[in-house]
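Please open the structure in your viewer and keep the selection tool at hand. The tour goes from one element to the next, saying what to select and what is there.

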Amino acid sequence: MCGIVGYIGTQSATEILLSGLEKLEYRGYDSAGLATVCDGQIKSVRAKGKLHNLREKLVGVEMPANVGIGHTRWATHGKPEEYNAHPHTDDTGRVAVVQNGIVENYRELRKELESQGHKFVSDTDTEVIPHLIAAFLSNFTGQREAFFEAVRQTVNKLDGGFAIAVVCADYPNEIIVARQQAPISIGLGQGEFFCASDTPALVSHTQVVVSLDNGEIARLTPLGVEVYNFDGDRVNKLPRILNWSPTLVEKHIFKHFMLKEIHEQPNVVRSCLEAYINSDWDAMNSLVSPTNLKLSSSLYENLEQVEIFACGTSWHASLIGKYLLEQLAGISTTVNYASEARYAPSPLRKNTLLIGVTQSGETADTLAALAMEQQRRLDKPAEFESILLGITNRAESSLANLVNQIIDIRAGIEIGVAATKTFVAQVMAFYFLAIDLSWQRKYLSGERIAEIINGLQKIPAQMEQMLETQDSQIEDFAHQFNDTQDFIFVGRGINYPIALEGALKLKEISYVHAEGYPAGEMKHGPIALLDDKVPVVAIAMPGLVYEKVLSNAQEAKARDAQLIGVTPESTEADVFDNVLAVPAVDELLSPMLTVIPLQLLAYHIAAHRGLDVDQPRNLAKSVTVE
Ligand code: F6R
């Protein structure tokens with residue numbers, strides 16, 4: 001969603017701000033702008049649409065400043081028009097603000113400010129902030145701390161979740177940033193300082209960052225950074241070192257980040273295996289766990305069930321997680337859409353491990369569902385205690401602050417809006433968790449656990465071999481779907497979530513209507529949709545439900561549908577009109593491979609149509625509003 005950047009130092013701010021905003025483009029936005037401070041004036045330039053529009057407006061504009069803030073806006077309050085784009089200023093144009101999040105009490109504040117004579121020119125919630133700051137500033141005239149104090153008083157008046165960066169023409173050597181529920185980090189350079197709502201905008205300048213916590217406000221000057229709480233007390237923060245290399249935010253030889261990230265998956269799985277499989281474990285030695293998750297024993301004590309909260313692709317990974325936790329560890333598991341559960345929670349269950357799954361760690365619905373669970377378990381008997389585990393790609397995220405422990409999925413930054421490598425890494429986290437629980441509860445034999453681990457170790461090489469042969473094959477194959485308007489994906493058992501994921505990937509980046517169904521459900525209604533214009537992709541992996549999926553696929557073929565099999569090359573493969581071949585692995589491990597041709601199919605169909613694969617329309621990488 002929205003993105004914030006800021007710079008204070010000795011270099012020219014404009015280019016640093018623009019390139020920072022480019023690094024945040026992946027988050028989704030529909031207008032952009034920046035404001036710099038120079039010669040006692042704020043210069044603000046804003047444009048509707050993509051960043052190249054802003055760049056065009058800046059051609060020929062003199063902006064020699066060394067201080068500035070920038071923003072990409074994903075419209076919530078008010079249309080994506082230039083007059084709603086950030087930065088917003090007060091009546092005099094001396095205070096400029098960029099904001100991520102939502103100021104919930106903006107209507108009351110705006111009414112109050114209007115009654116005092118302030119003039120508003122946008123439909124946004126953000127515009128109240130510069131007006132409030134300007135009003136407070138007049139109370140502190142002449143004081144050295146005036147700007148900081150005015151912003152501090154202002155944030156104390158705002159309700160909702162927000163992150164802001166503010167500059168003021170009268171205090172040209174300061175940027176003030178603040179956080180309440182929306183992330184913002186400060187990058188520490190040599191005599192220069194940066195701020196950004198997401199770290200990809202920082203890594204090419206510095207890897208030393210300080211992330212603000214909720215209720216914290218910081219002053220950035222060319223001399224350093226000071227952090228305070230909203231009461232004005234100084235807070236000592238320890239910087240951390242980002243372990244992302246700047247190359248992760250470049251496309252290299254790939255046309256799109258999504259394709260690059262699909263190809264990164266073998267290494268992501270390798271790195272998860274290295275981190276989380278205990279190489280000292282052997283099937284006969286039951287004293288140590290087969291995994292290195294290092295989860296506290298309190299997470300497992302008296303455990304009776306697991307309840308998972310997630311959205312979108314993370315919800316699909318969680319459905320595979322449910323299958324694994326139930327089949328490998330015998331633990332009954334429920335998977336909730338976070339957006340639904342928060343308004344219709346199920347009756348409280350005791351001895352339950354609550355898991356939030358979110359690659360960004362910032363999804364508002366997932367965080368709210370977990371916070372609600374935490375809240376309603378307060379003051380209840382011990383067996384209802386909230387025990388929270390997070391599965392995320394962002395060890396520094398809001399999720400990590402909320403839960404007792406996390407599993408860091410270590411996928412490296414994902415820039416493409418469509419989740420690919422973070423999905424397989426989330427699924428890996430569930431394999432590790434299910435194996436750990438299975439071992440703790442003595443549910444599966446050591447031999448079976450060893451067999452599963454052995455199978456997982458082979459996945460990276462199998463993925464590599466598939467990517468090598470299938471990328472160009474599927475690129476050619478995708479041509480024939482240039483005019484296709486509907487797709488159906490079917491799977492069963494552990495591959496039913498992969499059918500859902502294949503359909504979601506296709507919809508979100510190619511805008512082709514697609515549905516995923518459990519294959520056995522087709523005849524209960526959806527089969528009425530089928531004719532020769534609706535291709536059916538069937539995931540058929542040898543195992544418990546193989547024959548069943550083949551029969552369901554035949555039913556589709558009998559209705560003239562083009563039948564595409566995601567299946568091993570075998571004699572039964574001739575059931576299909578086309579085969580996207582998958583190595584014949586243990587069915588239990590197969591989702592790690594069956595997802596690959598579906599990601600490639602979605603990617604190549606969208607790329608053939610000339611669509612903006614990495615930033616599909618209307619979507620945002622991190623959905624920080626409800
Ligand atoms: C799909 C996709 C979204 C996200 C969903 C949850 O490709 O990326 O469906 O999975 O918005 O996001 P996180 O995992 O950040 O909670």
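Begin by selecting helix α5 (residues 146-155), where nine of the 10 residues are buried, so the helix is largely enclosed by the rest of the structure. Buried here means under 20% relative accessible area, with exposed being over 50% and partly exposed in between, using a 1.4 Å probe and protein chains only. Helices (H or I, at least four residues) and strands (E, at least two) are DSSP runs, numbered from the N terminus. The buried residues of α5 are A146, F147, F148, E149, A150, V151, R152, T154 and V155, and what covers them includes α4, β7, β8, β12 and β13.

Before you go on, note that this is a predicted model, in which local features need pLDDT of at least 70 and side-chain atom pairs count only at pLDDT 80 or more, while totals for chains, interfaces and linings use all residues. Residues are numbered from 1 along each chain as its sequence is written, and side-chain values use heavy atoms, with hydrogens and water left out.

Next, select the open sheet of six strands, which follow the order β5-β6-β7-β8-β12-β13 with antiparallel pairing; two strands pair if DSSP finds at least two bridges between them. At the edges stand β5 (88-89) and β13 (224-229), each with a single partner strand, so one side of each has no neighbour in the sheet. Within this sheet, β8 (residues 175-180) and β12 (residues 216-221) are joined in the antiparallel sense by five bridges, and R179 has E216 in β12 as its bridge partner. Helix α4 (residues 128-137) packs on the sheet and touches β5, β6 (95-103) and β7 (160-168), its direction making about 130 degrees with that of β6. Such angles run from 0 to 180 degrees between N-to-C directions, and axes are lines fitted to C-alpha atoms, for helices over the stretch in contact.

Now move to the open sheet of eight strands, in the order β3-β2-β4-β1-β10-β9-β11-β14, again with antiparallel pairing. Its edge strands, β3 (41-48) and β14 (240-241), each pair on one side only. Two bridges link β11 (residues 208-211) to β14 in the antiparallel sense, and V208 stands opposite I241 in β14.

Which helix do the axes of α7 come within 10 Å of? Select α7 (residues 265-276) together with α12 (residues 421-441), whose axes come within 10 Å and cross at roughly 25 degrees. That angle makes α7 roughly parallel to α12, since angles under 35 degrees count as roughly parallel, over 145 as roughly antiparallel, 65 to 115 as roughly perpendicular and the rest as oblique. The contact (heavy atoms within 4.5 Å) is made by Q265, V268, V269, C272, L273 and Y276 of α7 and by K421, V424, A425, M428 and F432 of α12.

Then select α13 (residues 446-478) and α16 (residues 591-608), which pack at an angle of about 30 degrees with their axes 9 Å apart, and are therefore roughly parallel. Among the residues that meet are I459 and M463 in α13 and M592 and L593 in α16.

Finally, select strand β20 (residues 486-491), in which five of the six residues are buried. Six bridges join β20 to the parallel strand β21 (residues 513-518), where Y517 is the bridge partner of V490.
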